[in-house]
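Reader: Please show the model, and then let us examine the terms applied to it.

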Amino acid sequence: MREEPVFLDHDQVARLAEACGRYGLLVRFLAYTGLRWGEASALRVSRRDLLRRRVTVAVAFAEVGGELVEGTPKNHQRRLVPIPRFLVDELAAHVAGKRRDALVFTAPNGGPLRNTNFRSWVFAPAAVSVGR
């Protein structure tokens, strides 16, 4: 049986993001853009347009047999996704100095984020700490 999805209000998102430390921006970005994990983790600096406040979703990561594979998004369609104005400055600072082909959000070693690792090491402990 699948659990019902949980929707957070603005204050809950803020507390969860704060509890995620250096990944707070990622948590807010996911919450307010609606990108899937694989799409956000595969997002490259060149795919964001901060002047127009949007990102182009064209690729996504998936874990297949323990390997990270880059492919098309779930719907196999490229799409433009708006970025809320309140995230633009923080996102700009976050990518400052990164190459255009660099990932926007990375693991501590600079490589791609893996959902299983992130959930275990960052997200689940943060969620517990804020009572979720």
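Predicted model: local features only at pLDDT ≥ 70, side-chain atom pairs only at ≥ 80, totals over all residues.

Author: Residues are numbered from 1 along each chain as its sequence is written, and side-chain values use heavy atoms, with hydrogens and water left out.

Reader: Why are α2 and α4 called oblique to each other?

Author: The axes of helix α2 (residues 24-33) and helix α4 (residues 85-95) cross at roughly 140° and come within 11 Å. Helices here are DSSP runs of H or I with at least four residues, and strands are runs of E with at least two, numbered from the N terminus. Axes are lines fitted to C-alpha atoms, for helices over the stretch in contact, with angles from 0 to 180 degrees between N-to-C directions. Angles under 35 degrees count as roughly parallel, over 145 as roughly antiparallel, 65 to 115 as roughly perpendicular, and the rest as oblique. The pair α2 and α4 is therefore oblique.

Reader: Which residues of α2 and α4 meet?

Author: On the α2 side they are Leu-25, Arg-28, Phe-29 and Tyr-32, and on the α4 side Phe-86, Leu-87, Glu-90, Leu-91 and His-94. Contact means heavy atoms within 4.5 Å. The residues of this contact comprise six nonpolar, one polar and two charged. Ala, Val, Leu, Ile, Met, Phe, Trp, Tyr, Cys and Pro count as nonpolar, Asp, Glu, Lys and Arg as charged, and the others, Gly among them, as polar.

Reader: What makes α2 mostly covered?

Author: Seven of the ten residues in α2 are buried, that is, under 20% relative accessible area, where exposed means over 50% and partly exposed lies in between (1.4 Å probe, protein chains only). Among the buried residues are Gly-24, Val-27 and Thr-33. The elements covering the buried residues of α2 include α1 (10-19), β5 (79-82) and α5 (115-129).

Reader: How is Arg-54 classed, and why?

Author: Arg-54 lies in strand β2 (residues 54-57). Its relative accessibility is 29%, so Arg-54 counts as partly exposed. Beyond four places in sequence, the contacts of Arg-54 include Asp-49, Leu-80 and Pro-82.
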